[in-house]
Amino acid sequence: MYDGEVENSKETLIKLYKALQMARGFENACNQQYMQGKIRGFMHLDNGQESIPGLVDYAIKKGDKKYSYYREHTHAIASGVDPGPVMAELFMKETGTCKGAGGSMHIFDKATYFQGGWALVSEQLPYAAGAAKSILMDRALGVSDNENFQKQDVAPPADDDRISIVFVGEGGAQNGRTAELLNSAAKDNLPILLLVIDNGRAINTYTGDVATNGSVFDQGKHYGVPGLQVDGYDAADVAKGGKAVIDYVRSGKGPAILQVHTYRFNGHSPADPEHERGRKDEKAWARAEQDPIKKFEDKYMAKGVFTEDELKEFKKEILAEVKAAVKFADESPMPPMELAKELEYPDAPDTDYNLRPAPAFADAVNARTISPEQMETVQAHIAALREKAIAGDISIGDAINLAIHEEMLRDPTTTIHAEDLQAGSSYDIPKLTQQTYGKIRAADEIIDEGHFIGKALGEGMNGYRPIVELMNTNFGIFGMAEISSAGNTYATTGGQFDMPMTIVGAGGTAPNQALGAEHSQPFHAYVMGIPGLKICSAASPDAAYGITKSMIRDNGPCFLFAPVKMMKEAKGTLELDKCAPLNKCALLHEASAESVAAGNAVTVLTYLHGVKEAQMVIDEIKEEGFDIDLIELRSLKPLDMDTIRKSLERTNKVAILDESTKSGGIGATVSARISEECFDLLDAPVRRLCMDDAPVPYASTMEVAVVKRGSDLVQGVFDLATGQY
C-alpha cells in the first residue's frame, strides 16, 4: 500500500523532490548568509538529511504538534512555516517567526503547531509528551482550539488523528529523557512519534564511542513501543516506511519510534573545524556517495518518471522561493529595543487576577467529565476546608489544596502533576485531585521532576494550565533545564506561546530543621536568575491561598515557595475567593511612631521561616527599646521596591533575615537593589543576616553556625539602632 502511494503517484514524487530541494537550497542559503555576517550566533545545518523534511512534508499534518531540536530550519519549513519568516528570524528581523527573539535554534510558529526549536539536547522530549497528552485531553474534555488557538466548547472531530512528533539525534537519544518519554508514552498510550535522526555522530564524536546501543528503534521493546529503522539515503523509502509508522500512531495504537540513518554533510555548525577532527574524507565520501537528492534524481530518471529538464525546472522554482526568502529577510526591519522588556511576562506584574473571567464552558465540561458522586465528594471537601478557613484553623498545605480545587473547577483546562499524587503527596496539596478529575487531568508522576515539569510545559503550550507540585522544592534541581525553558518560552517565541505553568512546593531552611544539606538548599535563590519567572513565597495560609489562585490564572510561569517546616503547623483564616497580587510585599508589623521618632526603628525584610522567626522576637526587640517594620517578601521577583522604600523613608535602617546563602542569595539581590535605589534613605549599611556559604549540617550544634534565626535578628536590630556596624 505505502509503496504504491509513493511510487505510483508522480504528484507525490514531485512534492517529495521539491521538499528535498527546499531543504538543501534553504540551508545552502543560510550558510552563505552566515559567512556574510547576516546570520549570527550558533547555526546548525541539515545538509544530507533531506529525507526527514521530505517525510514531514509528505506525512505530517498541520494540526500535528511538532517538536524539534536546534537543527530545525528544514523541519519548520516542511511543516508549512513560510521560508521568508524563517530566514528573517535567522537575520534577527522583526518579521521573523519569533520577531528576532529566538534565532536559528528557536523557530516557532503557532499557526502550524511548530513548537520548537529547543537548544538543550533532548529537552524537547518531555515537552512533546505533554503536547501529546494535550491531544488526549482535548478528546476527553470535548474541547478544541478556536481560530485564536484558545480552547472552545467544541469537541475534536470524530476522525481526529492528530499526533505529536519529536525529533532527536541518535546521540541525544542516549539521554535518560528518552527512557522517561518511552515509559510515559507507553503508560498513557500517547499519540507520539519519536523520530531519531541517526547520522552516526554525537556532535562530532562517533556515537559508537560513547553509546553501546546505536539501535534506538529497538529501545522501545521494553515498554511495548514498536520501532522501525530506515535508510535516509532513499527519500522515497523513508516516506513509505515513515508513513507506515505515522499511521500506526494515528490509529490510536500508541507511541512508536522511527530511526532514519543519514549522513550529515556539514560539521556540527559552520564554525566547526571538521578538517581538524579527521572527518574531511568522510564528508567528501558522503557528499559523493550518500546524497539523497542525487539518489532520487538518478533513480527516477532511470525509471523514466522524470526527465533531467523537469527536475531542473522544479529545482529552479524552489531556488527562486529561497532567493525570495533571503530578499524578504534582508529588507525587513530590526525589532525595536523596547520589545525585549515587553516580552518578559505575558501578564503585567500588576495584573488583578480577580478580574479575569472563567471559561464560559467550565460548567459544561465539568458536567461531562466529573460524575455526580465525584462532584458531591469534592464539594464536601471544599466546604470542609472553607469552614476551617473561616474558623482560622486551615494550614498552608490545605489552603493551597483549596485554591487548586477551586481553580480546577473554575477552569477545566487546569491540570496537575505530582509525585505520590493519589496519596496527597506530603502536605495534601494535590489531595483528592485524581479522585475528582481523573488521571487525564491529575497525573501521578514518575520520580523525576524534570520529566513532569517538561510535560507540563508541553501542556502549557497547547492551551492548558498545568500545576506542578514539588514534594520538596529542592527536588526541582532535577528540572532546572525545563524551568529555565519555561521562563524563556514566551520571549523566545516572540510572544506567540504563553506559558501558564504554576510550580508550587514546600522548601526553604528552618532553624534546627535537621534535614541535612540536600533538603536545605535555597532553591528559591537558584531560580531567581531565570528570566520570565514570577517567584513568590508564602509564610501563612492566606498568602498561600491567594497567591496560588493568581498564579494559576497567570499566563506565564510562576513559582510559589512555602516553608517546609510550617506547612501543617501554621494556621489562620483566609480571605476566600480572593486572588492576591504577585508583585507586592506585605507589612506584617509596623514600628511605633515613637520608635521611628527616636531613631530606634528598623525595617526587617524576610520570607518563609524568617517570618515566624521575626514574629517570635518582636516583643523581645520592643523590650530592648526598639521596634521594627516587619515586611514579608511575598513577591521575590518582581521585587516590590515601593513598599520597601516607603518603610525606609520612616526607619532609614534595614536588616534582611535571609533564608539563602551569602553568595548569590535573595538577600544579596535585595541588598543591591536597596543600595542602588534607596541609598539616600540609609543611615547605616544594609545588614544581611543570611545563611553561610557552607552546606547546612544535620547536627544542630553545627547548623547554628550556618542558618540565621530570631536571636540573630535581635542582635542585628540592636546593632543597627545603636550604630554598632
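Which strands does helix H22 (residues 609–623) lie across?

## Basis of the description

This is a predicted model, in which local features need pLDDT of at least 70 and side-chain atom pairs count only at pLDDT 80 or more, while totals for chains, interfaces and linings use all residues. Residues are numbered from 1 along each chain as its sequence is written, and side-chain values use heavy atoms, with hydrogens and water left out.

Helices (H or I, at least four residues) and strands (E, at least two) are DSSP runs numbered from the N terminus. Two strands pair if DSSP finds at least two bridges between them.

## The five-stranded sheet

Helix H22 lies across S20, S21, strand S22 (627–632) and S24, where contact means heavy atoms within 4.5 Å. Its direction makes about 170° with S22; axes are lines fitted to C-alpha atoms, for helices over the stretch in contact, and angles run from 0 to 180 degrees between N-to-C directions. Helix H26 (residues 710–721) lies across S21, S22, S24 and S25, and runs at about 160° to S25.

The sheet under these helices is open and mixed in pairing, with five strands in the order S20-S22-S21-S24-S25. Strands S20 (586–589) and S25 (687–691) are at the edges and have a single partner strand each, so one side of each is left without a neighbour in the sheet. On average, neighbouring strands here are turned by 25° against each other, direction ignored. Strand S21 (residues 601–606) runs parallel to strand S24 (residues 654–661), and four bridges join them. Thr606 stands opposite Leu657 in S24.

## The seven-stranded sheet

A second open sheet, also of mixed pairing, has seven strands in the order S14-S13-S15-S16-S18-S17-S23. Its edge strands, S14 (442–444) and S23 (635–637), each pair on one side only. Neighbouring strands are turned by 20° against each other on average, direction ignored. Helix H20 (residues 541–553) packs on this sheet and touches S13, S15, S16, strand S17 (534–537) and strand S18 (558–563), with its direction at about 165° to that of S18.

Five bridges join S15 to the parallel strand S13 (residues 414–418); Thr414 stands opposite Arg465, and Ile416 opposite Ile467. S15 also pairs in the parallel sense with strand S16 (residues 502–507), over four bridges, and Ile503 in S16 is the bridge partner of Val468.

S15, helix H18 (residues 480–492) and S16 make a right-handed β-α-β unit: with the strands pointing away from the viewer, the path from the first strand over the helix to the second runs clockwise.

## Helix packing

Helix H15 (residues 396–410) packs against helix H16 (residues 433–441) at an angle of about 55°, with the axes 12 Å apart. That makes H15 oblique to H16 (under 35 degrees is roughly parallel, over 145 roughly antiparallel, 65 to 115 roughly perpendicular, the rest oblique). Ile404, His405, Met408 and Leu409 in H15 meet Thr433, Thr436, Tyr437 and Arg441 in H16.

Helix H5 (residues 83–90) is mostly covered, with eight of its eight residues buried. Among them are Met87 and Glu89. The cover over the buried residues of H5 includes helix H2 (10–35), helix H4 (73–78) and helix H11 (308–331).

Technical notes. Buried < 20%, exposed > 50% of the residue type's maximum accessible area, 1.4 Å probe, protein only.
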